[in-house]
Amino acid sequence: MSEPTFRKTGEAAVSESPLHARRKSRRIMVGPVPVGGGAPISVQSMTNTKTSDVGATLQQIAELTAAGCDIVRVAVPNQEDADALPKIVAKSPIPVIADIHFQSKYVFEAIDAGCAAVRVNPGNIRKFDEVGPQICKAATDAGISLRIGVNAGSLDKELYAKYGGPTPEALVASALKEARMFEDVGFHDFKISVKHHDPVTMVETYRLLASKGDWPLHLGVTEAGPAWQGTIKSCVAFGALLAEGIGDTIRVSLSAPPVEEVKVGCKILEYLGLRPRKFDIISCPSCGRAQVDVIQLANAVTEGLKGITAPIRVAVMGCIVNGPGEAREADLGVASGNGKGRIFIKGEVVETVPEDRIVETLLKYAHEIAATMGENEDGMGTGPVVMPLTGENLHRKPTA
């Protein structure tokens, strides 16, 4: 199999939060992407194509990569999907994780296919007590990591009965049971997830798990819902945990196209100071002081600049109270009123235009500023550091 060429996604080997010291966790590798041990927090998503449709799956992986995704997971529910893995792994620009349930044979096939990691659910793998040690040996020999853990919807029946439902204590008990199964046979290169659909329960669960050991943690609000609702749930839960230094990799789960998950995940990290910011728009709320249609103006500017990835801050303001000040503080801004807009660049007024020319003028200046910033056209320069794959480290074992 030819060696996959992974795209470069960043420079820093470690990442600190401006809000709280990062929790100390051990580091594992997902292909060339480090997870845990202070490594920059990576963004994951999962394809919703049939994995057996190699072309469609690779196309979606390309779209996810362009949006800033660092690690991608693909479902492997049947043999046709397992057979497609070698082709997908060989051409994916980011590490591929195989998502395995029920059939342990697909775990071994995914490892043989060169997957960077495997998501294993010990709770539903048949005869896991027997095959678990074999999986650990195969993963160790291949130098790959695993993801284990539990979702609220797949909690072991005994633990469900003991704790009266998928409580934080029940979910953590399940995760600890799984962790011991792997550690008892000397395998430590895994991360853990303990997902719940309720943000409060999810935060309490991860806090409890974080206090029990140094495993790298995969954060997620499972079944978060449609885009609007799920985005709010994810922002609330991830914001609380990441602000406390808890979390090493994240997946936003939305009933929406996977690219939308990545966009939300990247922005969460940007606004928490955990990933360099890209394009950002500041606009005032609609209020009685506004002398222009701020909603229409902000939407038009956002749409016109949706392809910008340079770290430009654009202010779209509609009244004379906060408008001039906010416009001066941005890289590019407009203070609107009385049928015209004053255009600011780096605090200086460069032009005053009629209201019907505000959008086109802002777009023109934005693209000029982006060009001077050396805009990163592929939009993939702010993620976790990636270790280049060479003959020496292609099968490098993750470090504890």
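The protein has 12 helices and 15 strands, where helices (H or I, at least four residues) and strands (E, at least two) are DSSP runs numbered from the N terminus. This is a predicted model, in which local features need pLDDT of at least 70, side-chain atom pairs count only at pLDDT 80 or more, and totals for chains, interfaces and linings use all residues. Residues are numbered from 1 along each chain as its sequence is written, and side-chain values use heavy atoms, with hydrogens and water left out.

Q: How is α6 oriented relative to α7?
A: Helix α6 (residues 168–183) packs on helix α7 (residues 199–210) at an angle of about 45°, with the axes 9 Å apart. Angles under 35 degrees count as roughly parallel, over 145 as roughly antiparallel, 65 to 115 as roughly perpendicular and the rest as oblique. The orientation of α6 to α7 is therefore oblique.

Q: How many nonpolar residues are in the contact of α6 with α7?
A: In this contact (heavy atoms within 4.5 Å), P168, E169, L171, V172, A175 and L176 of α6 meet T201, E204, T205, L208 and L209 of α7. Alongside two polar and two charged residues, the nonpolar ones number seven.

Q: How are α7 and α8 oriented to each other?
A: Between α7 and helix α8 (residues 227–243) the axes lie 9 Å apart, and the packing angle is about 25°. The two helices, α7 and α8, are therefore roughly parallel.

Q: What percentage of the residues of the protein count as buried?
A: Buried means under 20% relative accessible area, with a 1.4 Å probe and protein chains only. Of the 400 residues of the protein, the buried share is 54%.

Terms used:
Axes fitted to C-alpha atoms, helices over the stretch in contact; angles between N-to-C directions. Nonpolar A, V, L, I, M, F, W, Y, C, P; charged D, E, K, R; others polar. Buried < 20%, exposed > 50% of the residue type's maximum accessible area, 1.4 Å probe, protein only.
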